[in-house]
Amino acid sequence: MTYVKQHRHQPRHVQSPLVQAVEHLPRHPPRHPPQHPPHYPPLPLASITYNQSSLATVPLDTTAVPGAQPTLAGAPPLPNAALLSPSNYPALDLPPPTDSQLVQQWIQDVANSGFSIPNIPVNSPGGCPNNTAAAADSTRCWWTCGGCTRDTDITTCPNTLQWGLTYDDGPAYYTPNLLDYLDQTNLKSTFFVVGSRVIEFPAILQAEYMGNHQIAVHTWSHTALTTQTNEEIIAELGWSKKVIKDVLGVTPNMMRPPYGDIDDRVRAISIAMGLTPVIWTRISPTATFDTGDFNIHGGLISVQQVLNNWEYIIGNATSMSNGFIVLEHDLFEQTVEVATGYILPDALAHQPPFTIEPVISCLNKPMTDAYIETNDNKTNPPLASGTF
Ligand SMILES: [Zn+2]
């Protein structure tokens, strides 16, 4: 086995707490060799690097037909993705303007929702070190700095060995490879999608949805939400909800804050907009179930270190009395390759077996509960004001 060496010095500020926590661990391949390599022989670890040459993407294995009826009870026929006109949406990957008629309407809707938004100051960029007063103020319940959660946050699955599978930041070029692998292994996932990516890859979003994966909101331009004003947060979430509804015909009712950056102000706005926050599992103030996969592409972490993180995650997950949620991404080729070649085969071979399913399913709720239009509000009633 060839190990990939770090290509660059790792600045301290980019290391996740988990990476720091596992630095002392011996470097070794996953305990369980891949047992389920469909037509994805895992790439050699040495081939998964920040500067690798791109490999082929696979075509979508199901092409969604406009007007097709989703299996989801109560869902409308699938819209025609070809009619999506980017000019009807904000510029990609930039915080949307807040002065448009639609955003002004959404701001009014939040004001009329009955939820009071706490008067918490907007954070500066730069996370905990740049916001020491905010980090020390436990009344804000800022997850990033120390892991405060409220009862409304979903960060785990209820039962031991249950894994609420999630991928963030897509849809993207290599998402079809991941979907193909998930299809071949009969796995379903939750996808936290970025509105700007939905504009670029609407057909992939439709394939995820028609394949009975769960779709959820991950903002329009992937901003750190505690650094945004109330109006900017409403614009980020509102445009994401809208573009997903325009492409699928239904609106998700779960969201994941980019970077897990959420405090009580962001929570209140999300919930007022019908979105329940989903983060990922944290086992101590400094260690979360973050694979670190996002940073292979940028050359900040080696794939071997991602596998070390994964080993650390399952080592802890198997001794927990509840299930877990892990941070992974479908945005980059490297993240898809490490998922399909190593992490998922390893998880599928695990004994005792993991139950791997979308977040909504691990909460023992039907997929219809994952969308505002198909939720009958019985098993998954919208959160009421004053819930935290
Ligand atoms: Zn993200």
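Strands S3 (residues 190–193) and S4 run parallel to each other and are joined by four bridges; two strands count as paired if DSSP finds at least two bridges between them. Within that pairing, Val193 has Val217 of S4 as its bridge partner. This is a predicted model, so local features need pLDDT of at least 70, side-chain atom pairs count only at pLDDT 80 or more, and totals for chains, interfaces and linings use all residues. Residues are numbered from 1 along each chain as its sequence is written.

**The chain overall**

- Of the 388 residues in the chain, 49% are buried. A residue is buried if 20 or more other C-beta atoms lie within 10 Å of its own, exposed if 12 or fewer, and partly exposed in between, with C-beta atoms placed from the backbone.
- Take the contacts with a separation of 6 or more: 79% of them are between residues 24 or more positions apart. A contact here means that two C-beta atoms, placed from the backbone, lie within 7 Å.

**Strands and the open sheet**

- Back to S4 (residues 214–217), which is covered on both faces. Gln214 and Ala216 are buried on one side, and Ile215 and Val217 are buried on the other.
- Elsewhere, three strands make an open sheet with parallel pairing, in the order S9-S1-S10.
- Strands S9 (324–325) and S10 (355–357) are the edges of that sheet, each pairing on one side only.
- S1 (residues 162–164) and S9 run parallel and are joined by two bridges. Gly164 has Ile325 in S9 as its bridge partner.
- As background, strands of a sheet pair through backbone hydrogen bonds, either parallel or antiparallel.

**Helix packing: H7 with H8**

- Helix H7 (residues 230–248) and helix H8 (residues 264–272) have axes that come within 10 Å and cross at roughly 45°. Axes are lines fitted to C-alpha atoms, for helices over the stretch in contact, and angles run from 0 to 180 degrees between N-to-C directions.
- That angle makes H7 oblique to H8. For the cut-offs, angles under 35 degrees count as roughly parallel, over 145 as roughly antiparallel, 65 to 115 as roughly perpendicular and the rest as oblique.
- H7 and H8 cross in the right-handed sense; a crossing is right-handed if the near helix is turned clockwise from the far one by less than a right angle, and left-handed if anticlockwise.
- On the H7 side the contact uses Asn230, Ile233, Ile234 and Leu237, and on the H8 side Val266, Ile269 and Ser270.
- Sorted by class, the contact of H7 with H8 has five nonpolar, two polar and no charged residues. Ala, Val, Leu, Ile, Met, Phe, Trp, Tyr, Cys and Pro count as nonpolar, Asp, Glu, Lys and Arg as charged, and the others, Gly among them, as polar.

**Helix packing: H9 with H10**

- Helix H9 (residues 303–317) packs on H10 at about 50°, and the axes are 11 Å apart.
- H9 and H10 are therefore oblique to each other, and their crossing is right-handed.
- Val303, Val306, Leu307 and Trp310 of H9 meet Gln334, Val338, Tyr342 and Ile343 of H10. Those residues split into seven nonpolar, one polar and no charged.

- Most residues other than glycine have a negative phi, and most peptide bonds are trans.
- Gly170 to Pro171 is a cis peptide bond, with omega near 0°. Pro171 is in the loop between strand S2 (166–168) and helix H4 (175–184).
- Gln351 and Pro352 are also joined by a cis peptide bond, with omega about -5°. Pro352 sits in the loop between helix H10 (333–348) and S10.
- Asp169 has a positive phi, near 85°, and is in the loop between S2 and H4. Asp169 counts as buried because it has 23 C-beta neighbours inside 10 Å.
- Asn212 has a positive phi too, near 65°, and lies in the loop between helix H6 (202–210) and S4. Asn212 counts as partly exposed, with 13 C-beta neighbours inside 10 Å.

**Tyr89**

- Tyr89 is in the loop between helix H1 (17–22) and helix H2 (101–111). Tyr89 is partly exposed, with 18 other C-beta atoms within 10 Å.
- Leaving aside neighbours within four places in sequence, Tyr89 is in contact with Ile199, Trp239 and Val243.
- Tyr89 and Gly195 are 106 residues apart along the chain, and their C-alpha atoms are separated by 9.6 Å.
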